[in-house]
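The following questions and answers concern the fold and chain contact of one model. Please consult the sequence and coordinates alongside them.

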Amino acid sequence: MNIQYKKGVLELCVLSLLKKRDCYGYEISEYLSDHIDIADGTVYPILRKLKKEGLLSTYMQEESGGPPRKYYSLTNLGRETYEKERAEYLYFAEKVEILLEDDVNDKE
Amino acid sequence: MTRNEFLSMLADELKKNRITDIDDIVSEYEQHFAFKMADGFSEEEIAAKLGKPDVLASQFESAGEVRKRGGRKAATIMGLCIVDIFAGAFFILLMAWEVIMAVFSLCNAVIAVCLFSGISPWSLIPTIPSWPGIVFGLSLASLSVLSAAGCIYFAAFIRQLMRSYSRFHQNTIAAASGSALLPSLAINPRLPAKTNRRIRSVALISLAMFTAFFVLGMIISMIMSGTLEFWHAWGWFGY
């Protein structure tokens, strides 16, 4: 699938994961590539963009036996944006599904 | 590709794309390698799964990263300044025309009042019998209304033109700095349909009245003075 096409949806997936709990970059990358077929590296530009837009904030946390990890967490703006975009996406997806199903019916 | 090859290629590509804060980005990928290698993957496997460094670097650019100073944005702003000088001169011209129309309308109104009342301030109004004077006064009053309607519409037009231009201005800068664009605005003023209709009928009626009263005034003057060139008979121009 087209990468530009996926990107907006991936942003939504990242926000949904971070709504549950704070994560470090690698965790998010693993989580996404477990579910969706993308190159592992794709998630870092997305995280950076979301941070730049003020939807995410970062903090460093020491881990036992390793370098400090950079954690991403959802800001209030991020939370609001997520709720709004989630509703919009679900509505949109529902409509698209109706249209595509319709296409099959027409052929029959 | 090994870990070091991947990271240095990524840093080079980011530098080429003028992305800021390259170290921070590269350190995220270093961490990714560290985690994966701890899980027992080889450097080549990890690099292959990450994707191509040049493709990833271009994704940082399209993610709205701010380019370094002196890039496209500065050139755009310089270009805009030049466009602004011309557009500014153009707007001054348009506003001057608006002022001329307003003064024209006001003068016509004042002359009409003088003709109605028969007052001739500083003897500026030439001698004219009161009958044709009133008819010419009505004609000038209509012309005053007509130009006032023109004034109102033209003011709305200038306002919309300036708003549309400033939106273009904003969007050009936004495009150069990679932020979101606003929808562009049309040049034509979007007056409410009711206002539009009213202005149009006022303009048409006043135009018709101006023409009718002007012709009527001429005819009455010609009959009263008994000559086609009545202005000579009443000595308007001093001969």
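Helices (H or I, at least four residues) and strands (E, at least two) are DSSP runs, numbered from the N terminus. This is a predicted model, in which local features need pLDDT of at least 70, side-chain atom pairs count only at pLDDT 80 or more, and totals for chains, interfaces and linings use all residues. Residues are numbered from 1 along each chain as its sequence is written, with chains lettered from A and ligands numbered from 1 in the order in which they are written.

Q: In what order do the elements of chain B run from the N terminus on?
A: Chain B contains 8 helices and 0 strands. From the N terminus on, its elements therefore read α-α-α-α-α-α-α-α.

Q: Are H1(B) and H2(B) roughly parallel or roughly antiparallel to each other?
A: Helix H1 (residues 3-16) of chain B packs with H2(B) at an angle of about 155°, the axes being 10 Å apart. Axes are lines fitted to C-alpha atoms, for helices over the stretch in contact, and angles run from 0 to 180 degrees between N-to-C directions. Angles under 35 degrees count as roughly parallel, over 145 as roughly antiparallel, 65 to 115 as roughly perpendicular and the rest as oblique. H1(B) and H2(B) are therefore roughly antiparallel.

Q: How do the residues of the contact of H1(B) with H2(B) divide?
A: Residues are in contact if their C-beta atoms, placed from the backbone, lie within 7 Å. Those of H1(B) include B:Leu7 and B:Leu14, and those of H2(B) include B:Ile25 and B:Phe33. Ala, Val, Leu, Ile, Met, Phe, Trp, Tyr, Cys and Pro count as nonpolar, Asp, Glu, Lys and Arg as charged, and the others, Gly among them, as polar. The division is 9 nonpolar, no polar and 3 charged.

Q: Which helix supplies the largest share of the side of chain B that touches chain A?
A: The contact takes 14 residues from chain B and 12 residues from chain A. Helix H2 (22-38), helix H3 (43-50) and helix H4 (53-62) of chain B each supply at least two residues of that side of chain B. The largest share, 6 residues, comes from H2(B).

Q: Which residues in H7(B) are buried?
A: Helix H7 (residues 193-225) of chain B has 33 residues. A residue is buried if 20 or more other C-beta atoms lie within 10 Å of its own, with C-beta atoms placed from the backbone. The cover of the buried residues of H7(B) includes helix H6 (130-177) and helix H8 (230-233) of chain B. The buried residues in H7(B) are B:Ser206, B:Phe210, B:Phe213, B:Gly217 and B:Ser221.

Definitions and conventions:
Contact = placed C-beta atoms within 7 Å. Expected span 1.5 Å × (residues − 1). Buried ≥ 20, exposed ≤ 12 C-beta atoms within 10 Å, placed from the backbone.
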